[in-house]
There are 2 protein chains.
Amino acid sequence: MKRDSRLSGILHVLLHMAEHEGPSTSEILARAMQTNPVVIRRILSGLRERGIVRSEKGHGGGWVLARDLGEITLRDVYDAIDSPTLLAMNNRTETPDCLVEQAVNAALEDSFQEAEALLLARFGEVTLKTLHADFQTRLTRTHPKRKKGHVHEH
Amino acid sequence: MKRDSRLSGILHVLLHMAEHEGPSTSEILARAMQTNPVVIRRILSGLRERGIVRSEKGHGGGWVLARDLGEITLRDVYDAIDSPTLLAMNNRTETPDCLVEQAVNAALEDSFQEAEALLLARFGEVTLKTLHADFQTRLTRTHPKRKKGHVHEH
DNA sequence: TTTTCATGTAACTTATATAGTTACATGAGT
DNA sequence: ACTCATGTAACTATATAAGTTACATGAAAA
């Protein structure tokens, strides 16, 4: 299976939006994420529906965060991209007649649900503000002199 | 991504092998798992390398468990099918230059690793004997009269 | 010793999901 | 009117699991 990297990608994009003065166009954001503007618009449209970002058309248009960084959890973002499948594994049959398979499925299902619950709980604990603070720390470590540096080379 | 159901499928097959007197052919096992014999042979060949099953060619040949049910954990089986990816999500870039992306990746990576560790730990706690006992319980609930029933209709 | 049966394995096809691209409509500002 | 940016449908590319075909290998039975 090709693994889903939308959450990782879109968090990156959101933090860039936060650093950017005024609206960011999907073209600029796509460059930061090294992908196509349509991919950005597609993903961000989900976040717009959830009130995480806003978009404007035309001159001076683009995307802005609709809430404070501290008010956006990874869980919010995950939900806004339509809660993609977390686990790469599955039970072969969802509701098998075979009692052997039922026993197997029940055991696996337990573990799967625990792992999913743990992931979602972690996502709920982390806000974009947390990530932004971590970024600032990394920036200071890398460029100790500069108070507020550039973000990257794109 | 298409989700991996090999673990679920092969556990089912192993328990059927345990119930079956003498060697089970890949054709019989494939019928139980509703798939192709080659798929069974392909997966079981990994388990053979780990000493979980043995196979014999020719008349009266087929597959048998090489160890006691209590000596085979789900973790053993998982490893034997080559430790497939557990999580359906990925970081977009593994070692990004961008500090923003590094902060994002680090946060996600933490959660991902916790979830994976939890799954593997659970797999390590459960043996085929556990699953077999659960199966027996289900059997008794479904057919209270019978001491030792058939397994299923395949 | 030939036939039958079962595994071993390579090569190919199918199915499914993410990601990327093209093309064009819509609407806001200049 | 012209430009810029989003909105979105439709198509293509890519990756991975799963299923299938075909045939070689080797063991037991006839």
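1. Salt bridges first. Chain A and chain B share 2 salt bridges. The term covers a side-chain nitrogen of Lys or Arg within 4 Å of a carboxyl oxygen of Asp or Glu. A salt bridge links the side chains of A:R122 and B:E114, at 2.7 Å from N to O.

2. Ground rules. This is a predicted model, where local features need pLDDT of at least 70, side-chain atom pairs count only at pLDDT 80 or more, and totals for chains, interfaces and linings use all residues. Residues are numbered from 1 along each chain as its sequence is written, chains are lettered from A and ligands numbered from 1 in the order in which they are written, and side-chain values use heavy atoms, with hydrogens and water left out.

3. Extent of the interface. On chain A, 52 residues are in contact with 52 residues of chain B (contact means heavy atoms within 4.5 Å). The two chains bury about 5,000 Å² between them, and carbon and sulfur atoms give 68% of that area. Buried area here is the accessible area (1.4 Å probe) that two parts lose on being put together, summed over both. Of the area that chain A buries against chain B, 16% comes from A:R3, A:M89 and A:R92, more than from any other three residues.

4. Polar pairs and elements. The rule finds 18 residue pairs in polar contact across the interface of chain A and chain B, both residues at pLDDT 80 or more. A polar contact is a pair of N or O atoms within 3.5 Å; within protein, one must be able to donate a hydrogen and the other to accept it, and residues adjacent in sequence count only if both atoms are side-chain atoms. On the side of chain A that touches chain B, the elements giving two or more residues are α1 (6-19), α4 (74-80), α5 (99-125) and α6 (128-142) of chain A. Helices are DSSP runs (H or I, at least four residues), numbered from the N terminus. The largest share, 18 residues, comes from α5(A).

5. Helix packing in chain A. α1(A) and α3(A), residues 37-49, pack at about 85° with axes 11 Å apart. Axes are lines fitted to C-alpha atoms over the stretch in contact, and angles run from 0 to 180 degrees between N-to-C directions. The two helices are therefore roughly perpendicular (65 to 115 degrees). α1(A) contributes A:R6, A:I10, A:V13 and A:L14, and α3(A) contributes A:I40, A:I43, A:L44 and A:L47.

6. Helix packing in chain B. The axes of α1(B) and α6(B) come within 11 Å and cross at roughly 75°. α1(B) is therefore roughly perpendicular to α6(B). Residues making the contact include B:E19 of α1(B) and B:H132 of α6(B). The side chains of B:E19 and B:H132 are joined by a polar contact of 2.7 Å.

Note on methods
Parallel < 35°, antiparallel > 145°, perpendicular 65-115°, else oblique.
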